[in-house]
Amino acid sequence: MLEKDIKKVLVSHDEIVEAAKKLGETLTKEYQGKNPIFVGILKGSVPFMAELINHVDTHIELDFMLVSSYHGGTASSGIINIIKDIDQDITGRDILFVEDIIDTGKTLKSLKELFEERNAASVKIATLLDKPEGRLVEIEADYTCFTIPNEFVVGYGLDYDENYRNLPYVGVLKEEVYSK
Ligand code: PRP
């Protein structure tokens with residue numbers, strides 16, 4: 001039913017699982033003995049986080065934040081509102097932000113700076129998708145599964161008007177759906 005609104009599949013479910021497995025193995029080595037906190041940014045990161053942690057075979061903790069862009073300031077401020085913060089002190093902790101997509105980069109740039117101010121031992125970023133053509137501020141992920149073109153994508157956590165997050169793959173939405 002949802003599939004009829006999708007113009008093309010950009011990243012299939014199998015490709016996502018394969019990439020999560022590969023990244024999970026890398027993170028298992030990287031974070032051995034460090035007990036990092038994987039911080040998912042709600043809501044889009046949920047499916048990717050859920051798959052990724054299946055493939056991490058060392059101790060990690062999980063936490064989540066909910067943020068929104070701040071529209072009251074200047075357009076380029078890159079300041080975000082924290083709607084739900086993580087639940088613990090992160091002084092001296094290793095942090096891995098887990099995201100579904102980096103587009104303008106404003107969300108993760110602000111969060112990375114904030115966590116460095118909070119004296120994390122390290123702050124790294126893992127993203128399922130990177131859309132480099134959308135970038136407005138300088139920030140790069142440490143781990144990127146797929147680099148995608150500047151198209152409107154939905155699925156695997158990504159929404160259009162809060163819908164399509166439950167598609168098991170990443171696809172491009174038909175124009176007729178959002179031009180209605
Ligand atoms: C999306 C995505 C990232 C952010 C990336 O979240 O999950 O958090 O936008 O965009 P940026 O690089 O331009 O800052 P969104 O605010 O749409 O919320 P959602 O995860 O609940 O869909």
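Which backbone oxygen lies 2.8 Å from a polar atom of the side chain of Arg93? To find out, select Arg93 and Asn35: the atom is the backbone oxygen of Asn35. Such a pair is a polar contact (N or O atoms within 3.5 Å; within protein, one must be able to donate a hydrogen and the other to accept it, and residues adjacent in sequence count only if both atoms are side-chain atoms).

This is a predicted model, in which local features need pLDDT of at least 70, side-chain atom pairs count only at pLDDT 80 or more, and totals for chains, interfaces and linings use all residues. Residues are numbered from 1 along each chain as its sequence is written, and side-chain values use heavy atoms, with hydrogens and water left out.

**Around Arg93**

Arg93 sits in the loop between β4 (80-84) and β5 (94-102); strands are DSSP runs of E with at least two residues, and helices are runs of H or I with at least four, numbered from the N terminus. Arg93 counts as buried because its relative accessibility is 18%, and buried means under 20% relative accessible area (1.4 Å probe, protein chains only). Leaving aside residues up to four places away in sequence, Arg93 touches Asn35, Pro36, Ile37, Glu61, Gln88, Ala120, Ala121 and Ser122; contact means heavy atoms within 4.5 Å.

Next, select residues 13-30, which form helix α1. Its 18 residues should span 26 Å at 1.5 Å a residue, and the end C-alpha atoms, 25 Å apart, agree with this; the expected span is 1.5 Å times one less than the number of residues. Colour Ile16, Ala19, Ala20, Leu23, Gly24, Leu27 and Thr28, the buried residues of α1. An α-helix has 3.6 residues a turn, so residues three or four places apart point the same way.

Move on to α2 (residues 46-53), where Phe48, Met49, Glu51 and Leu52 are buried. The buried residues of α2 pack against several elements, including α1, β2 (37-42) and β3 (61-69).

**The ligand**

Show the distances from ligand oxygen atoms: 3.0 Å to a polar backbone atom of Lys43, 3.2 Å to a side-chain N or O atom of Asp159, and 2.9 Å to a side-chain N or O atom of Arg165.

Methods: Buried means under 20% relative accessible area, exposed over 50%, partly exposed in between (1.4 Å probe, protein chains only).
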